Amino acid sequence: MVKENLKQRIWIPALVTVGLIVLYPIYLMIQFDLWCDQKLTYEMIQRGYERFLAVSGMNMHTGIVAVVAGLICAVAGFEYLHSKKKLDCYHSLPVKRGQIYWQHVWAGLLSFIVPLILAVFLAICVGASHGYFSFHFVKLGLLNIVGYSVLFLLVYGVSLLAMMLTGRVLVGILGSCVLLVYMPALMQMFKGYESVFFKTCAAEYAKAGGIFKVLENYGSPLSWWVNVADRNRNGESVLVLLIGGLTVGILLLILNYWIYHRRPTEAAGHSMAFSMAARVIQYFIEIPLVLIMGLIGHEMVIKHQNIWWVISMVVGLVIIHGVIEVIYYADFRKFFRHLGHLGISAVVVAVICVIYKADLIGYDRYLPAQDKLESLDVSSESLTGSYHVHLTKQGDLVTFENHTDSESDYLKLDAGDRMYDLIENTINNLDEKTSENEEIQIQVRYCLKNGKKVYRSYSVMQEALKEAAQTIPKTGQLKEALYPQLEEKSKYVTDIGYENGVYYTVYSQGEIAMKTGQEKNKLLSLLAQDVQEADSSVFEEEPIGVLNVSYSNIISTMFSSDGYGNEALLIYPGFSRTCEYLKELGIEPKDELKLSQIEQINIYQWDEENQEEMETYTNQEDIKKLLPRLKLANTWTAWLDVRDLSRNVEIVLKDKAGSEQNIRYGYYLVPEE
């Protein structure tokens, strides 16, 4: 009977086979030709071939095929459940219902797995024909087959569940799509509400924990697959995830088998197979969609956001409830049916909104007791105008990731540090209105003694932050946070620029400004020596410039945008080796602006309606008063300066012969004393 099922739906394995043949052997042949045209080395091509066969590699389009095939196989294999005539025909056969179910399941599984095995086998043959064949590649191919087969199984199982719970094909397809994206969308909705209504939310820094982490990462076949791909890309083992996915897939098939036996025959032709489940499912779909509609309405406008938030939810609730009722009854006249259920949804939505709007869970007021804190950590990028990347190596694959994702970005402070008092005071005054121009955002991580980590983001007054940050230069991790992995990253440098009011190109792959390309490493090596020998007094001085460095790894850039990285490093007067070397290159480390050089100063400011206003100063007396207040934006450090963040400064110099730039950007003003 499995063979008969495959014959009836031969178009499915045929289309899957064609798609996978294109994505594997044909695409691989094209890639080999491209790699050869680029004159890549044998090792680089081998790395490319490995990435192609890996489950996280270049051939991720197979994941799309697996998802679509899983949905189609489930719908095509069990659409007879939604037709009374076909259902009566199947159940009249002298075959047990359980046997019918499993034969359809096997037909669906074979429709994808057999073409996948064929396509991977042909891809390995293509690699062998180019001189790349070993058990290593066979193992990668087998892992590829297992990974995508488990993904297909999960999507197939979820889509089967939707088909079992519904009575119409179209509703079954819609149900499948909802189940596939429901949990990731729900978690994103909660994150959206946190970021909008909780003032201290650090959504871009915080990592979900506990049950939320499980639901976010593994609540859908799609999010599960993203985690498998990420772990494999990072060189971590995915065996546990594959076994877990396989187990869940088998359990889904067993659950569907149980529902199949209890599914009433008369459910065919009705939107939902089980009336009791229909209402529960309606609430689980209706309430999140209404909340999402409200969030969209809130974020679409700048003014009167709360009003549009409520209007969007009211309109969304009526429309979404009506659409679901129409789908359930296949009758537009039922749009306003079951208004009582609409009322229940409205009450639940209102309760959730009040929880977020009034912060009934105390999210913003959260502050661990000092005796429960292992350390209070502050992101270094919150305290300076610099930014960094973190280098990660897996064999010859090198990636440059956002430094805020790494442990070394955080400065570990004692629980009794003045920063704790600053945060406590900020929390106590959250409801007080202050000027945004006087505030700055800091990212904080609470490391509790029980091992838990909690992330928060606070808007603090610059003056208060300056006072609390006086101990930062003496912090042991400051060097590691501001100058991470200099020696390691020096070999991957592609561009170096120095900025001190004037921008200088120190080294560029396209246009070499140094004597030789090898000297690109020297500057970072000298900087690393200066940083290592520097004491806290060096960092208590004002930085004189910023070193902008770009990195890339040619092998990594073939497969990922993470093969590139950029960072800005503060240069201090106490970095003697670095400053001397810049002078050798004809660059004055500190640019001293003189009154006689300046023709005019333009100050740009934005009003409450985001309209730009410009003030121009040409009088020498006015310029003389402004000159001591000018600071380079990128050299800001929290323990030294308080700056007027509402205004940007542009300096126009008098026309002079030579290479001096006529207009200089990137300055801020410090407040008048």
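Modeller: A nonpolar core is a set of buried Ala, Val, Leu, Ile, Met, Phe, Trp, Tyr and Cys residues joined through side-chain atoms within 4.5 Å, and please keep in mind that we are reading a predicted model. Here the largest such core has 67 residues, and the members that touch the most others are Tyr24, Tyr49, Phe78, Phe112, Tyr156 and Trp224. Several helices each supply at least two residues to this core, among them helix 2 (11–37), helix 6 (97–129) and helix 11 (239–262).

Biologist: Which helix gives the largest share of this core?

Modeller: Helix 7 does, with 16 residues. A second, separate core, of 65 residues, includes Val398, Ala481, Leu523 and Trp639.

Biologist: If I select Phe78, which residues is it in contact with, leaving aside neighbours within four places in sequence?

Modeller: With those neighbours set aside, Phe78 is in contact with Tyr101, His104, Val105, Tyr156, Leu160, Met163, Met164 and Tyr260.

Biologist: How should I read a strand, and is strand 1 mostly covered or uncovered?

Modeller: As a general idea, side chains in a regular strand alternate between the two faces of the sheet. Strand 1 (residues 373–379) is mostly covered, since six of its seven residues are buried.

Biologist: Which strands are joined to strand 1 by bridges?

Modeller: Strand 1 runs antiparallel to strand 5 (residues 439–448), to which five bridges join it, and Val378 has Val444 as its bridge partner there. Strand 1 is also antiparallel to strand 4 (residues 410–413), with four bridges between them, and in that strand Tyr410 is the bridge partner of Ser379.

Conventions. Residues are numbered from 1 along each chain as its sequence is written. This is a predicted model: local features need pLDDT of at least 70, side-chain atom pairs count only at pLDDT 80 or more; totals for chains, interfaces and linings use all residues. Side-chain values use heavy atoms; hydrogens and water are left out. Buried means under 20% relative accessible area, exposed over 50%, partly exposed in between (1.4 Å probe, protein chains only). Contact means heavy atoms within 4.5 Å. Two strands pair if DSSP finds at least two bridges between them.
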